Amino acid sequence: MLKVFVLFLLLIAGIVIGPMIAGHQGYVLIQTDNWNIETSVTGLAIILIVALLVILGIEWLLRRLFHTGARTRGWFAGRKRNRARRQTHEALVKLAEGDYRQVEKLLSRNADHAEQPVVNYLLAAEAAQQRGDEARANQHLERASELAQNDPIPVEITRVRIQLARNEDHAARHGIDRLLDVAPRHPEVLRLAEQAYVRTGAWSALLDILPAMEKTQVANEEQVSALRQQAWLGLMNQAMAEQGSDGLKRWWQSQNRKTRHETTLQVAMADHLIACDDHETAQQIVLDGLKRHYDERLILLMPRLKTGNPEQLEKALRQQIKQHGATPLLHSTLGQLLMKHGEWQQAGDAFREALKQRPDGYDYAWLADTLDRLHRPEEAAQMRREGLLLTLQNNR
């Protein structure tokens, strides 16, 4: 631009100075309807130069005026940004103190000028929810949603967290399902999904996210195992509630072999079948479980079974005694089974074997009942006294 201006000046200077040196300034006539302007070439050149200088002066003045306005606007905007930064810092201090009213007030004020306005609005929404102001929380969420159109995940996570805090469990689950579609391995999404699925009884959905929870270290192996068992138990309850014993058995058969061989699930399944009065199937599950793995929880279910074939249970118990030794639990359980079909002498011997290894109030009571059946009232009374003393000692 400067070079063009210099060349223009040189050209004008040539036009003006040339004729002056030559002694001929020339003649210029500008004629309109009402005016006739007569001048020399030199005069015209001078007029053009002056006009150019006037235009440049006006341009400079306008530039200064607009620049001053931008500076003023920048100063005001910078002042608001500094204030928003200071208020955000103060809000974080109040958050540590638990003053949620001040947290919301400081974060929402000048939030549009904060470094991360979406974060300010989301924290303000959670602070409003903490103090029970749902209307303000919704207002802050909507504003954050408007500002975060390109990255809605933080807004939706906060929305689900607030819904869970309000016990709006089904709405939270709907939001979680959408979040899992776009962020299936997001740690916070998985944590919130666990809460939403447990609260709504979405046990199949919970089982689906457990591998991702373990891979992302949202939950350790022990926690994942506990959640898996909780989900299986929930599915059992649903099957039993909807279709009873038949539905429960169909559901059990539809599971893979690894699942059916888990002892915890075998115990739960047998317990559910006993509640459904399906003792035959429950007994079969208990016996199958003991063939593969000894577990006291399966042994404890045996006295509750009421089938027409108790000999299988007695046979299984004697086999367990051979394999794992004469434990008090095995002898006590055997004694209870023998009592059911009137083998009083053998039942008494089993209870005595159990009591030799550890005293137990129930075994004393059962042994007393067998002695009554054997017409030995004095010994029965003695067993009841010992059982009562043991109970009193344990209750001290």
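Modeller: Start with Glu 146 and Arg 143, whose side chains meet in a salt bridge at 3.0 Å, N to O. A salt bridge here is a side-chain nitrogen of Lys or Arg within 4 Å of a carboxyl oxygen of Asp or Glu. This is a predicted model, where local features need pLDDT of at least 70 and side-chain atom pairs count only at pLDDT 80 or more, while totals for chains, interfaces and linings use all residues. Residues are numbered from 1 along each chain as its sequence is written, and side-chain values use heavy atoms, leaving out hydrogens and water.

Both Glu 146 and Arg 143 sit in helix H5 (residues 134–147), 3 residues apart, about one turn of the helix. Helices are DSSP runs (H or I, at least four residues), numbered from the N terminus. Glu 146 counts as partly exposed at 48% relative accessibility, and so does Arg 143 at 27%. For these words, buried means under 20% relative accessible area, exposed means over 50%, and partly exposed is in between (1.4 Å probe, protein chains only).

Next, look at Arg 161, which forms a salt bridge with Glu 188, with the closest N and O atoms 3.2 Å apart. This pair links distant parts of the chain: Arg 161 is in helix H6 (residues 153–165) and Glu 188 in helix H8 (residues 187–200), 27 residues apart. Arg 161 is partly exposed, with a relative accessible area of 27%.

A further pair is Arg 173 and Asp 177, whose side chains meet in a salt bridge at 3.8 Å, N to O. They are about one helical turn apart because they lie 4 residues from each other in helix H7 (residues 169–182). Arg 173 is partly exposed at 29% relative accessible area, and Asp 177 is partly exposed at 30%. Salt bridges can also share partners, and in this way Glu 126, Arg 161, Glu 188 and Arg 191 are joined into one network. A search of the whole structure finds 19 salt bridges.

Leaving aside neighbours within four places in sequence, Tyr 197 is in contact (heavy atoms within 4.5 Å) with residues including Arg 173, Asp 177 and Ile 176. Of the 71 residues in the largest nonpolar core, Ile 176 and Tyr 197 touch the most other members. Helix H10 (residues 221–254) gives this core its largest share, 10 residues. Such a core is a set of buried Ala, Val, Leu, Ile, Met, Phe, Trp, Tyr and Cys residues joined through side-chain atoms within 4.5 Å.

After H4 comes Gly 132, whose phi is positive, near 85°.

Terms used: Helix = DSSP H or I, 4+ residues; strand = E, 2+ residues; numbered from the N terminus.
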